[in-house]
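Q: I am new to this structure and would like to learn how to read its side-chain contacts. Could we go through them slowly, one kind of feature after another?

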Amino acid sequence: MRKILLVGFENMSIVDELNEHGADLNVILSDTYSHALEVLHHHVQTAIIHEDFFMNHENEFKKYIRSRNDTKFFVIVDPYDPKYVEQFHDEKYSIYALKTPAVTIEFLKNIISFSEELDSVYQYKDLIIDYREKTVMVNNKPLVLTPMEFDLLVYLKIHASTTLSREDL
């Protein structure tokens with residue numbers, strides 16, 4: 001069972017949804033940095049952090065994230081701000097800024113699937129995506145992407161089974 005830490009979210013209706021559908025997810029909720037840190041030390045594979053909470057504890061989270069490679073971090077931002085893309089792109093640790101309309105079971109399952117993929121290189125025919133190094137190759141040649149373009153690629157990969165509107169993108 002995958003452990004997911006949700007940090008700083010006010011509306012936690014996802015817990016009721018998980019209980020109702022019996023999803024095979026262990027979701028841990030936190031609304032304080034000390035509790036989040038305690039949970040992170042107990043091998044949580046994925047942490048999803050609300051933007052406001054992240055900003056209030058940015059330095060502490062970055063220090064922790066840089067020291068650990070086994071937890072994948074996603075900061076949920078709305079509206080999507082390019083400052084996160086630039087800021088996270090330069091770091092060689094697993095942190096991504098995402099915009100999502102709601103934290104749902106489907107979204108959590110997509111995040112889990114993507115988190116597992118982050119430890120390897122994704123390859124489809126002549127396309128190779130190295131998430132850790134944040135690079136893309138096509139036909140064995142580097143494809144130069146801006147940080148915003150790379151994050152859009154990640155966003156599309158995470159939402160692969162979802163129809164997205166223009167506003168979502």
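**Reading the side-chain contacts**

A: Let us begin with the rings: the structure, which is a predicted model, holds six aromatic pairs.

Q: Which pair is stacked, and what are its distance and angle?
A: Phe54 and Phe61 form a stacked pair, with 5.9 Å from centre to centre and 20° between the planes. The angle counts as stacked because it falls under 30 degrees.

Q: Are Phe54 and Phe61 buried or exposed?
A: A residue counts as buried when its relative accessible area is under 20%. Phe54 has a relative accessible area of 0% and is therefore buried, and Phe61, with a value of 1%, is buried as well.

Q: Which pair is edge-to-face, and where in the chain do its residues lie?
A: Phe114 and Tyr131 form an edge-to-face pair, with their centres 4.8 Å apart and an angle of 80° between the planes. This pair links distant parts of the chain, since Phe114 belongs to helix H6 while Tyr131 sits in the loop between strand S7 (127–130) and strand S8 (135–138), 17 residues apart. Phe114 counts as buried because its relative accessibility is 3%, and Tyr131 is likewise buried, with a relative accessible area of 2%.

Q: Which residues do ring pairs link into a cluster?
A: The cluster consists of Tyr33, Phe53, Phe54 and Phe61, linked by ring pairs.

Q: How many residues does the largest nonpolar core have, and which have the most contacts inside it?
A: The largest nonpolar core has 24 residues, and those with the most contacts inside it are Ile48, Phe74, Phe107 and Leu108. At least two residues of this core come from each of several elements, among them strand S1 (2–7), strand S4 (72–76) and helix H7 (147–158). Helix H6 supplies the largest share, namely five residues. Apart from this core lies another, of 19 residues, which includes Val7, Tyr33, Val44 and Phe61.

Q: Why can charged side chains pair, and how many salt bridges are counted here?
A: Side chains of opposite charge can pair when their charged atoms come close. Here the count comes to one salt bridge, formed by Glu58 with Lys62, whose closest N and O atoms are 3.2 Å apart.

Q: Where do Glu58 and Lys62 lie, and are they buried or exposed?
A: Both Glu58 and Lys62 lie in helix H4 (residues 58–67), where four residues, or about one turn of the helix, separate them. Both of these residues are buried.

Definitions and conventions: Residues are numbered from 1 along each chain as its sequence is written. This is a predicted model: local features need pLDDT of at least 70, side-chain atom pairs count only at pLDDT 80 or more; totals for chains, interfaces and linings use all residues. Side-chain values use heavy atoms; hydrogens and water are left out. A nonpolar core is a set of buried Ala, Val, Leu, Ile, Met, Phe, Trp, Tyr and Cys residues joined through side-chain atoms within 4.5 Å. Buried means under 20% relative accessible area, exposed over 50%, partly exposed in between (1.4 Å probe, protein chains only). A salt bridge is a side-chain nitrogen of Lys or Arg within 4 Å of a carboxyl oxygen of Asp or Glu. Rings of Phe, Tyr and Trp (its six-membered ring) pair if their centres lie within 6.5 Å; planes under 30 degrees apart count as stacked, over 60 as edge-to-face and the rest as tilted.
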